[in-house]
Amino acid sequence: MGKLRGLLGKGGDSEAAGPLPVRDFVNVTSSQPSKVMGFDQPLVWLTIALLAMGLVMVYSATIALPDSPRFSNYTPGFFFTRHLIAIIMAVCVAAVVTQIPMSTWEKTAPWLFVVSLVLLILVLIPHVGKVVYGARRWLPLGIMNFQPSELAKLAITLYAADYMVRKMDVKEHFFRAVMPMAVAVGVIGLLLLAEPDMGAFMVIATIAMAILFLGGVNGRMFFLITAVLLGAFTLMVTLSPWRRERIFAYLDPWSEKNALGKAYQLTHSLIAFGRGEIFGEGLGSSLEKLHYLPEAHTDFLLAVIGEELGFIGVAIVIMAFFWLVVRLFNIGRQAIALDRVFAGLVAQGVAVWMGGQAFINMGVNLGVLPTKGLTLPLMSFGGSGVMLNCIALAICLRVDIENRQLMRGGRA
């Protein structure tokens with residue numbers, strides 16, 4: 001220490017230099033202690049904000065439904081109460097899910113995929129699956145109707161991420177890396193189209209393709225898969241008369257035949273956005289929700305938002321989902337940088353799920369895409385949808401928690 005003080009002293013005078021300002025302790029009693037957050041708090045608050053805004057808008061969209069003969073036995077607050085109960089249950093389940101390690105999800109991913117297939121088969125059995133508007137998509141569970149396609153979205157996300165980790169060494173070979181995953185998606189697709197639920201199939205196919213691409217599948221293979229899927233969708237539309245009519249109605253929604261038929265929902269959705277203009281008609285002041293716009297509380301909730309809160313309200317919702325997707329991708333990229341490929345692909349798969357489904361729903365509401373039966377994640381009425389959305393985001397939160405533990409030198 002004397003030599004060191006001599007080197008650092010003024011003019012080389014070791015005696016003139018005082019002792020070095022070296023601290024051999026850390027004051028832990030400071031009035032401003034450093035704080036390291038254990039999880040992504042903005043992500044949690046954004047999720048809560050979307051759930052709360054969805055609850056308010058569902059109440060606004062359904063408060064007048066009892067005036068219709070079809071809903072005459074319901075009270076004005078029936079859907080609000082059901083949606084509130086679904087949110088409370090979803091948040092409680094999500095809190096439990098955040099305690100489950102990602103290693104457990106990785107082990108159970110194939111089994112969850114099998115369970116989702118069994119439920120998709122079960123819903124097609126007469127007198128077991130519930131039929132609504134000619135579609136057999138729900139399993140009645142008393143307190144709520146469970147939609148197996150929502151579980152299938154989570155299952156394919158986990159299974160595809162686990163699959164890519166297992167196939168990492170053969171990802172350059174088409175038949176060994178891609179074909180088994182294509183068969184799995186194809187089986188789910190056949191079951192969903194039998195319900196029918198083409199919208200859910202589109203989301204599931206998008207999730208699987210995105211995880212394959214993010215997992216490092218050869219670019220040529222990816223474009224080949226894209227071409228095959230586009231061809232399959234084109235073939236389905238061509239061979240299905242009612243799907244073909246829906247596409248033609250989408251292309252010309254304002255003709256008298258289409259406006260009163262296949263494009264009825266689309267035209268009234270566009271009228272709602274037109275009435276809202278910039279600042280909206282005011283919360284609760286929508287006219288389209290008064291039995292003009294069908295399914296205003298599920299598939300077309302954004303149209304009610306546009307009419308009551310205007311362009312400003314719609315822009316806020318779009319930016320909220322954009323930020324949510326970006327944050328989930330960042331969590332996934334961080335996990336992959338920490339050599340946690342499965343966790344990273346799951347987080348990015350959920351980002352594609354939320355962003356893709358929100359994009360399709362918004363595109364349908366705005367007339368950019370043909371009408372599809374897809375809800376707005378976290379916001380539209382639907383117990384199983386809200387439940388699985390919250391579970392998926394809770395898994396991503398768990399990924400973030402484990403990322404932070406590793407970066408602090410701990411163990412995930």
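Visitor: What share of the contacts in the chain with a separation of 6 or more comes from residues 24 or more positions apart?

Guide: They account for 70% of those contacts, where contact means heavy atoms within 4.5 Å. A word on the source: this is a predicted model, in which local features need pLDDT of at least 70 and side-chain atom pairs count only at pLDDT 80 or more, while totals for chains, interfaces and linings use all residues. Residues are numbered from 1 along each chain as its sequence is written, and side-chain values use heavy atoms, leaving out hydrogens and water.

Visitor: How many helices and strands are there in the chain?

Guide: The chain has 15 helices and 3 strands. Helices (H or I, at least four residues) and strands (E, at least two) are DSSP runs, numbered from the N terminus.

Visitor: How do I read the packing of two helices?

Guide: Two packed helices are described by the angle between their axes and the distance between the axes. Axes are lines fitted to C-alpha atoms, for helices over the stretch in contact, and angles run from 0 to 180 degrees between N-to-C directions. Here, α7 (residues 179-193) and α8 (residues 198-214) pack at about 170 degrees, with axes 9 Å apart. The two are therefore roughly antiparallel to each other (angles under 35 degrees count as roughly parallel, over 145 as roughly antiparallel, 65 to 115 as roughly perpendicular and the rest as oblique).

Visitor: Which residues in α7 and α8 meet?

Guide: Among them are Met181, Val185 and Ile188 in α7, and Phe201, Ile204 and Leu212 in α8.

Visitor: And what about a nonpolar core?

Guide: In soluble globular proteins, nonpolar side chains tend to be buried together. A nonpolar core is a set of buried Ala, Val, Leu, Ile, Met, Phe, Trp, Tyr and Cys residues joined through side-chain atoms within 4.5 Å. Buried means under 20% relative accessible area, exposed over 50%, partly exposed in between (1.4 Å probe, protein chains only). The largest core here has 113 residues, and Leu154, Ile156, Met181, Phe321 and Leu324 touch the most other members. Its largest share, 14 residues, comes from α13.

Visitor: Is Lys289 buried or exposed?

Guide: Lys289 is buried, with a relative accessible area of 5%. Its place is in the loop between α12 (264-276) and α13 (301-337), and its side chain reaches the backbone oxygen of Ser60 at 2.8 Å.

Visitor: Where is Gly280 found?

Guide: Gly280 is in the loop between α12 and α13. Gly280 is partly exposed, with a relative accessible area of 25%.

Terms used:
A polar contact is a pair of N or O atoms within 3.5 Å; within protein, one must be able to donate a hydrogen and the other to accept it, and residues adjacent in sequence count only if both atoms are side-chain atoms.
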